[in-house]
There are 2 protein chains.
Amino acid sequence: MAPVKVGIAGLGTVGSGTVNVLQSSAADIARRIGRPIEITHIGARRPNPHCDIGDIRVSADVMALADDPELDILIELIGGTTVARELVLRAIANGKHVVTANKAMIAEHGNEIFAAAAEHGVDVAFEASVAGGIPILKALSEGLAANRINWVAGIINGTGNFILTEMREKGRDFADVLKEAQELGYAEADPTFDVEGIDAAHKLTILASLAFGIPLQFDKVYTEGISKLTAEDIRAADHFGYVIKHLGIARQTSDGVELRVHPTLVPKEVLLANVNGVKNGVMVEGDAVGPTLFYGAGAGSLPTASAVVADVIELARTLAVPQADRVPYLGFQTNGLSDQRVRDIDEVECSFYVRLHVRDRTGVLADITRILSEQGISIEALHQQDVDGDSPVPIVLLTHTVRESAMRQALEQIGALGDVIGDIMRIRVDTLGA
Amino acid sequence: MAPVKVGIAGLGTVGSGTVNVLQSSAADIARRIGRPIEITHIGARRPNPHCDIGDIRVSADVMALADDPELDILIELIGGTTVARELVLRAIANGKHVVTANKAMIAEHGNEIFAAAAEHGVDVAFEASVAGGIPILKALSEGLAANRINWVAGIINGTGNFILTEMREKGRDFADVLKEAQELGYAEADPTFDVEGIDAAHKLTILASLAFGIPLQFDKVYTEGISKLTAEDIRAADHFGYVIKHLGIARQTSDGVELRVHPTLVPKEVLLANVNGVKNGVMVEGDAVGPTLFYGAGAGSLPTASAVVADVIELARTLAVPQADRVPYLGFQTNGLSDQRVRDIDEVECSFYVRLHVRDRTGVLADITRILSEQGISIEALHQQDVDGDSPVPIVLLTHTVRESAMRQALEQIGALGDVIGDIMRIRVDTLGA
């Protein structure tokens, strides 16, 4: 049969990996779909020494790909949300299927892109946009489709997980490990996207839409980074039997969904707590299947290309299938999406870890526990460390389940006590069903 | 749109779970596929108190389902390999798509069933046949389709994993835990299928075919059970930094594939070593994605129904799609299957754990190490336990990588030494890429 013709826009890390996988797996791919895939056109400003594109046609202007009548599928790997969005919308308007690894574009412009794709009867596939090589989007929209998903909780940023793993295993400080991560190429020169949770929020937006059948709502994700965590917090969490992970959590409640990214204390015995280094892991709890975990590489040239090429294989096999017979963009039919509300962070209920430093004065602990008690917050465990002389005394405690707003008010009052020194750290706790 | 009509053959544990999930998730399923699914006909000898089938038509003769012209999809959940095979072939001949949870039938008769299905242009879906609710077959045939799979290694029998977990965590003996597993309903009265690895071999057969694109070859799986493992072995493995798991392993080598089920020492720090209790976990290593893990419930009414209903949803959505545009039965086009050979167990190369008891006589250890050395087997670690008086001395050792045949010959010679008492235990070691 005639080859399926694809164009690749962007020849960076993921683009070169995609070229490499399409070339090295060409024979196996043909065994799978019964016809070859041919890279017909590449859009890139400059060559990439990590892949040999032979005599494939190259355009410096990526928009040329959207207009190339030869192409069946456009693979968007340029990243960003402006040119990428324009390119994808133009390819769709020209009747091409699209594969993308672009989490920011899908999270922020996915609703618009899917509407355009539906209008033109083409598919948009984006498995590579979340958790790299782990086929978690397919699991949510197909493998676990029989379930009502109760919650999804994922380590979905490898850089952040590398930093937290190093801090825990070696007792190192955040800034110190971040510097190493930058030297190793795991973290960008401006690490904000990774360590402040924006990248994870993009991915969580996508996971939540597929899990619950809701439109993409990136602007409603509550986001908190890991840059304020200290080696002391990680040790104290360990003492209580927990590991601190930077999680994206999407939870279905009877009163709307929760969408949040923040550091989280997770019990040591939960498998997700043992996902270390740059690896990603996503737990999904469904009402029929119970808890599941999907683990693997969350980034990198070849792992991300693995997901890109899996999407290409599926589209290449089903070029002739009408859009109505395909898996819908977000797993649910567009008219079947739910308009349930997203909860404000103040409404969330969970346990908390709290760490603060106080002057060693009789009565300060009584003041703290009184304030907590007045807000209806009960203490599960408390540890006050012995110190020498006049040094500030560290207090760490775990609460029982409490509403976020009550916790916030209690900590404001505690912070106003004269004997509390410096900032109070509070981290949410999630037992993840354990 | 008109409902998709399904018939369910078998109303046991999985059958009742399937009815329950189809009923409880009916609204969400319609949101996904744009039309409802209707259970039109059930084949069962007697009612099941765990599900309310209302006024759904029931036939005591399941064959009536294969001949029911109303049905679009037949769901085979009666188990076994005789009536089930006949039922499925008849439904296929009548142009119905089939969903099944029947690992034995697929592993032993899948090649014949797929040939019949291809002839009649219908699909056969069997996600539920391996690892219950974990969508591992979809991951292999679709999510990881861009990869050349290097190996798959799975804990794919929950009963066996429950027994090994209890033995490890509580120092209990095999027979003692088996009895408890039987009382809890995790193990059958005749536990052979579970503890001797036959159930796992059925599942491994299926995993290997999807991983490597080879025909189903159940008769070529090397199978070894867990009934001879002792608490002493589990302690000794722990001492060396390993956990003993009953794994199904399929490995691609340059000289054919390996298909084997046996107890395996796995390094503690590997995530799979921490999959405990009745849970299942499957690791897949692909050339692009690297190592991945899929974890969840491997059995049970609702988890298995989760996989059955996911398959039903996919078929219901794609009723109008020609078979040629679907994912092929084994992930590869029938004419793209590989005829590579399956290695004999004697050809496998790995490290070994060996445990034996000897009389406390000078020179016996020298005899043992000499025999190992003559077979080209080098020792990585050895531990000889101190004992009182004339008791037999336990020796445990780990070898470096060695060919199975050399290990077998060495152990035959060691076993013939006059000072070796009782049976020698040898267990394969797999670092699973760590």
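Trainee: Which residue forms a salt bridge with Glu70(A)?
Mentor: Keep in mind that this is a predicted model, where local features need pLDDT of at least 70, side-chain atom pairs count only at pLDDT 80 or more, and totals for chains, interfaces and linings use all residues. Residues are numbered from 1 along each chain as its sequence is written, chains are lettered from A and ligands numbered from 1 in the order written, and side-chain values use heavy atoms, leaving out hydrogens and water. A salt bridge here is a side-chain nitrogen of Lys or Arg within 4 Å of a carboxyl oxygen of Asp or Glu. With closest N and O atoms 3.2 Å apart, the partner of Glu70(A) is Arg57(A).

Trainee: How many residues apart in sequence are the parts that this pair, Glu70(A) and Arg57(A), ties together?
Mentor: Helices (H or I, at least four residues) and strands (E, at least two) are DSSP runs, numbered from the N terminus. Glu70(A) sits in the loop between helix 3 (63–66) and strand 4 (73–76) of chain A, and Arg57(A) in strand 3 (residues 57–59) of chain A, so the parts tied together are apart in sequence by 13 residues.

Trainee: How many salt bridges does the structure hold over all chains?
Mentor: Some share partners, and one network joins residues including Lys138(A), Glu142(A) and Lys138(B). Over all chains, the number of salt bridges is 70.
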